[in-house]
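Dear colleague,

Please read the notes with the coordinates open beside them.

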Amino acid sequence: LCPAEAEALVQALQGSELRDIGGQGWLRQHEYVEKLNMHGILSASAGQEQLLTELLVTHAKIPVLIGELISVEIWKHKIFPVLCRLEDFKPRSTFPIYVVLHHEASIINLLETVFFFKEICESAEDSILDLIDYCHRKLILLAARSTKAQAVTSAELCAGHLASPSSMQADPIPPQELQKQAEMMEFEISLKALSVLRFITDQVDSLPLGALTRMLNTHNLPCLLVELVEHCPWSCWEAGKLKKFENGTWHVVPPEDQVKMTKLDGQVWLALLNLLLSPECQRKYHFNGFNKSQLLKLRAFLTDVLIDQLPNLVEMQRFLSYLAVTEPAPPKKDLIIEQVPVIWDHILKKNSGKWEAIAKHQVKHAFSPTEEELKLQAHRWAQTYSLDMMEALAPDKPRCRVCGVEAAKRCSRCRNEWYCTRACQVQHWQKHKPACNLMA
C-alpha cells in the first residue's frame, strides 16, 4: 500500500454492532483490516512499520480495533453456537462464516505487529484494560489445553485452515465441523494474544492507573505464565518425536535442537521478567504462600543452557533465590478507585437475551447470499486476498492441493490453487470447479 492508501484505510476503520457482523458494511471493514494486516506484516519484515504505527496513533484507531476484537470474540461464544443449532441454517457457501471467524485472527495479528511500539500501547488509553482481559482469557484457554494434554496436532491444524477462497464449495460443511475448525483456529489466536500481552508488559511504566493491578492481582498473570512454562502447549510428543509449533506450523525438532528456546518460550520468559523484576510490580504483587510456591517452580527450568540463550534470566534466577529465603511484605492497598474494562460488559448488556434473534437475522441477511451476491463477494475477496501479496507473506513454497509436494503450476482461471502436475489438477477439478467459477 502507498501511504495515501494506508491512511485512507486507517481513517475508514470504525466499530460495528454485533447484529451487523457478516453484513456488507462489516465485510468492507474486514477488507480494510485484512489489507492493513498484510501491509503491516510486509512493512515489519522490511523494518518500515513506523508509518502504519503513526497512522493508527494519529487517528486513534487502536481502541476501535480492540472493540472489534472483543465484539467478534463475543459473536463466537454467544451467536455462533446458536447459528450452528438452527434447523434452517443450510448455507450455500460456508466462506462468509469463515471470514467472521478469521476476522479475530486478522485483528490480533495486526495488534501483534504494532504493539511493539510504546506509542501504540499509550494510544490504547483505557481500552488497554479490555485488551489485558482478552489476553488473559486466551492464556486461560492455552493453559487448560496443556493441562488436559489436548495439544493441537499438526494433522488437526492442517485440517483446520479456514480462510481459503477454495472453501466456497457447493457442498456445505456441517455445523459441527465448522465449530471444530473454529476451535482449532483459537489455538493460533491464543498464541498471538500471548505475544501482545508480552508487549504490554514491556510498557508497565506507561500503562493507565489500575492496569498493573489488574494484571498482577485481579488475574494473577505471573502464576498463569508459570503454568505455561510448566506445560508448554506449543510443544508435544507424537510417535516418539518432539514437535514444536512455530511460524504457524508444527515441525519435528531434531534431537540437537530440543533444548533450543522458541520465540513463544521467549515471550513467556520476557513477560515474567517484566512483571516480576520491575520495582513497581514487586511493590504491588502479593507474594503470599501460594504465589511464592508457584513462582519458585521456575527455578527448575532456569538451566545454564536456557540462561545462555536469554542472559537476562540471570536476574530472574537471583530474584527467585532471594524470594526462597525471605518473606516479602504484603502490598500496600493504595488504590481507592479501580478502573475496570467496559467493552465486554457493554456488548453483553446491550445484546443480552437477543442472541437467537441476532443469529436468525444474520442467517437471513448475511450468511445466505444468492448466487449473484456470492459471485460479487468472491471477486471482492479475490482482490482483498491478493495472491501476489499472499505469496510474499507465505514462508514456504506453494504445495500441490492434491498430493502436497512442491508445486510450480497454478490454475490459470482463478490463479488460486497450485498443482505439481496436470494429472493432479484434473483429479481435483470436480472439487475445485464451483470455487473456480466464482473466483474467475
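By class, the residues that line the largest cavity are 4 nonpolar, 3 polar and 1 charged, where Ala, Val, Leu, Ile, Met, Phe, Trp, Tyr, Cys and Pro count as nonpolar, Asp, Glu, Lys and Arg as charged, and the others, Gly among them, as polar. Please bear in mind that this is a predicted model, in which local features need pLDDT of at least 70 and side-chain atom pairs count only at pLDDT 80 or more, while totals for chains, interfaces and linings use all residues. Residues are numbered from 1 along each chain as its sequence is written, and side-chain values use heavy atoms, with hydrogens and water left out.

The search of the whole structure found 1 cavity of 30 Å³ or more, a cavity being a set of points on a 1 Å grid over the protein atoms alone where a 1.4 Å probe fits but cannot get out, with lining residues having an atom within 4 Å of a point. The largest cavity holds about 40 Å³ of space, the volume being the space filled by probe spheres set on the points, which are joined across faces, edges and corners. Its lining consists of Leu 13, Gln 14, Gln 29, Val 33, Val 64, Leu 65, Glu 68 and His 103. The elements that give two or more residues to this lining are α2 (24-45) and α4 (62-85), and α4 gives the most, with 3 residues.

As for the fold, the protein chain has 21 helices and 5 strands, taken as DSSP runs numbered from the N terminus (helices H or I, at least four residues; strands E, at least two). Of its 440 residues, 50% count as buried, that is, under 20% relative accessible area with a 1.4 Å probe and protein chains only.

The structure also holds 9 aromatic pairs, defined by ring centres of Phe, Tyr and Trp (its six-membered ring) within 6.5 Å, with planes under 30 degrees apart counted as stacked, over 60 as edge-to-face and the rest as tilted. In one of them, the ring centres of Phe 187 and Trp 250 are 6.1 Å apart and the planes at 10°, so the pair is stacked. Because Phe 187 lies in helix α9 (residues 175-201) and Trp 250 in strand β3 (residues 249-252), this pair ties together parts that are 63 residues apart in sequence. Phe 187, at 0% relative accessibility, counts as buried, and Trp 250 counts as buried at 10%.

With kind regards

Conventions:
1 Å grid on protein atoms, 1.4 Å probe; cavity = no way out; pocket = protein on both sides within 12 Å on 5 of 7 lines; lining within 4 Å.
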